[in-house]
Amino acid sequence: METTIKSQDDIYRPHLATVLKSEPMTAMERFFELKLDSGRELGNKPGQFVEVSVLGIGEAPISVSSSPTQKGSFQLVVRNAGNVTRAIHNLKPGDKLGIRGPFGTNFPVEGTMKGKDIIFVCGGLGLAPVRSAINYVMDNRKNYGNVTILYGCRNPVERLFINEVKNWASKDRVTYTETVDRGDENWKGNVGVITTLMTDMSVDPGKTVAIVCGPPVMYKFAIMSLYKTGMTADNIYVSLERHMKCGVGKCGHCQINGLYACQEGPVFKYADVAEVKEAI
Amino acid sequence: MSIKRVDLATLTTWIDGLTKKERVIGVQAKGDRFAFGPLARAADLRLDYDVTILPPKTFFQPPKETLMSFNKTSGYQSVVEDKPFVLFGVHPYDMAAILQMDEIFSQGTYDVHYMTRRKNATIVVVDVYRVSPNVFAGSMGTSHIEDGYDILITKIGDDYLVDGKTMSGKSLMLGLVAAPDASESWIEQRKMVWEYNKQRLRKHDLKVPPSKWPKLLEEGYDNPIWEERANLCYSCGSCVLVCPTCYCFDVRDETNWDLSSGERIRVWDGCMLTDFATVAGNHNFRKDKSARFRHRYLRKGKYVPTKIGGQIACVGCGRCVTACTANIANPVEVMNRLAEGE
Ligand SMILES: Cc1cc2nc3c(=O)[nH]c(=O)nc-3n(C[C@H](O)[C@H](O)[C@H](O)COP(=O)(O)OP(=O)(O)OC[C@H]3O[C@@H](n4cnc5c(N)ncnc54)[C@H](O)[C@@H]3O)c2cc1C
Ligand code: SF4
Ligand code: SF4
Ligand code: FES
């Protein structure tokens, strides 16, 4: 029987969950829908992550990709990057895995973002965690202003959530643009790094919040482009990946100088990390 | 009065009694050095040791420990080691380190594995009488300690002052009821031992008080010393493995041959090792040796202190100084150098 987490409980013990869906997304990424065996809601806030255990293999931190507005189950996007993630890829509906969390900070959907125009800047797999915030905003549409979603990938076949993206793009007051570093014979869209999408964005800096999540190289350039629109570090949020083992502030792996990415992050207000040397 | 004055014969009889009744871990000779280990009899105990090879943290956070067992049908079950023991002969600087670890493992998210072992421990601290070659606890304010232990033993002349601080300490001392209470003048003499040790336990001449470390390190972030010293670093991790205040870890699964059951284990890890901060895609957030070298110092002198009420996470045991074959790990040298720029 599952109980609510008491302080004396074992913070390292995963709770069992069952795979409801496992679908390929790209050559490297699979989509998973899971349900906690306890019947309890995961209770994640957009941008948080869970520690996923595969019995006998190990544990890896993975962002929750679904919005908490979706009840009864939650979703992950997993890139095959090594032992644990490969083992997750092999799971089929009905298989069990272990879940700890949710952990970490979240995108301020009920805070600073409320009532504002929002720019989502996502690179590659960075769309997976940001999707939880995008869907949260879509499900509470009246609470937010104009929404701009920028998505950059290395090439067209790496794009995630192609159908869902079309649905977002069709909505009122939503602008969606995408780009790839290299096109292929069928690609008719933009070619170039994500910042090429940001040159002629019209932004009202005083009433806009930006969310940035992508590979390590992306942040500096994306933030420079946001600065050019007049935005300041106070209204930019970044989600930063680090090596994580425990998720609860003990193992030391996730430190960004003095900050613990597992507890004080992964979502940081840029103003809080702009001067932290190891951050960006 | 719970402070007893005990001669060597009485002390020996008492400790022999303890080894029969309790699981006692004590300091013993290991070649020409010293180590904590299960103690069979008082004669093996070496209260005159200078420093142990590994700190006593191994009994609270072992180099390898089982966090849980798992199997395909019932999932994950926590494994918590829950056996009382007596840790005999801890030096004050190591006790100071244990208190820091207690704070780390209990604050915020409670680590039931560490804390259960800790609660099961009755700790006997012994004031240093043989000084190790690299100790600088005298400069770090950890050459003596007045709190946190269960029993404190101080050698004065040929006799021992045995001071029971806690209930569990006092109950272990029931075997000493017949011994005379220590007189006021003896208790006064203990203060002199503390004063004396503060002076003696300074084998390296630290020129900056610990209170100044955080600021010095912050300002010294771009100091050339990191690069200079780290050039010689082997990234072997010895300096962090022997450190009583280092607690970083890795977690792994070990699967049995049936492939459906096994154990999740926790092992020591350290920020000086090359891949400590590497993530998928082979991106290493502390790729340069100098960045890892600097991180260790900033952690000791700035990052961890902010988590534990300002105490510096170096207790001056000097183990890293001895362990480092490249001869670059000495905190005193680094802090003195940073201070030179002042
Ligand atoms: C907050 C956070 C959110 C993440 N969200 C997602 C997500 O939504 N989808 C996704 O596919 N991936 C995500 N990752 C990355 C994912 O955690 C790593 O790909 C995974 O841990 C690799 O483990 P592995 O056992 O498969 O690889 P391994 O075989 O262990 O190693 C492959 C590489 O991954 C590195 N690595 C190992 N363990 C970790 C770790 N705990 N954290 C980071 N890198 C590690 C290794 O150093 C090595 O370079 C996230 C990471 C973090 C920190
Ligand atoms: S840094 Fe060195 S001297 Fe300081 S506590 Fe650790 S091992 Fe001892
Ligand atoms: S012991 Fe010396 S050589 Fe080894 S990692 Fe530490 S500083 Fe580098
Ligand atoms: S992941 Fe272990 S301290 Fe952050």
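**A first look at chains A and B**

Sorted by class, the shell around ligand 2 holds eight nonpolar, two polar and two charged residues. Here Ala, Val, Leu, Ile, Met, Phe, Trp, Tyr, Cys and Pro count as nonpolar, Asp, Glu, Lys and Arg as charged, and the others, Gly among them, as polar. This is a predicted model, where local features need pLDDT of at least 70 and side-chain atom pairs count only at pLDDT 80 or more, while totals for chains, interfaces and linings use all residues. Residues are numbered from 1 along each chain as its sequence is written, chains are lettered from A and ligands numbered from 1 in the order written, and side-chain values use heavy atoms, leaving out hydrogens and water.

**Ligand surroundings**
- Around ligand 2 (a heavy atom within 4 Å) you'll find B:Phe136, B:Cys243, B:Pro244, B:Arg296, B:Lys300, B:Cys314, B:Val315, B:Gly316, B:Cys317, B:Gly318, B:Cys320 and B:Pro331.
- Ligand 3 has its own set of residues around it, including B:Cys233, B:Tyr234, B:Cys236, B:Cys239, B:Met272, B:Cys324 and B:Ile328.
- The shell of ligand 3 splits into seven nonpolar, three polar and no charged residues.
- B:Ser235 is also around ligand 3, and B:Ser235 has a positive phi of about 50° despite not being a glycine.
- Look for B:Ser235 in the loop between α8 (225-230) and α9 (238-241) of chain B.

**Where the chains meet**
- Chain B puts 45 residues into the contact (heavy atoms within 4.5 Å), and chain A puts in 37 residues.
- Together, chain B and chain A bury about 3,400 Å², with 53% of it on carbon and sulfur atoms; buried area is the accessible area (1.4 Å probe) that two parts lose on being put together, summed over both.
- B:Tyr76, B:Tyr110 and B:Phe285 supply 18% of the area that chain B buries against chain A, more than any other three residues.

**Two helices in chain B**
- Helix α2 (residues 92-106) and helix α3 (residues 112-119) of chain B pack at an angle of about 140°, their axes 9 Å apart; axes are lines fitted to C-alpha atoms over the stretch in contact, and angles run from 0 to 180 degrees between N-to-C directions.
- From α2(B), residues including B:Met95, B:Leu99 and B:Phe105 meet B:Tyr114, B:Met115 and B:Arg118 in α3(B).
- The residues of this α2(B)–α3(B) contact are seven nonpolar, one polar and two charged.

**Cis peptide bonds in chain A**
- Most peptide bonds are trans.
- A:Gly101 and A:Pro102 are joined by a cis peptide bond with omega about 10°, and A:Pro102 is found in strand β6 (residues 96-103) of chain A.
- The peptide bond from A:Gly265 to A:Pro266 is cis too, with omega near 5°; A:Pro266 lies in the loop between β14 (259-260) and β15 (267-269) of chain A.
- Helices (H or I, at least four residues) and strands (E, at least two) are DSSP runs, numbered from the N terminus.
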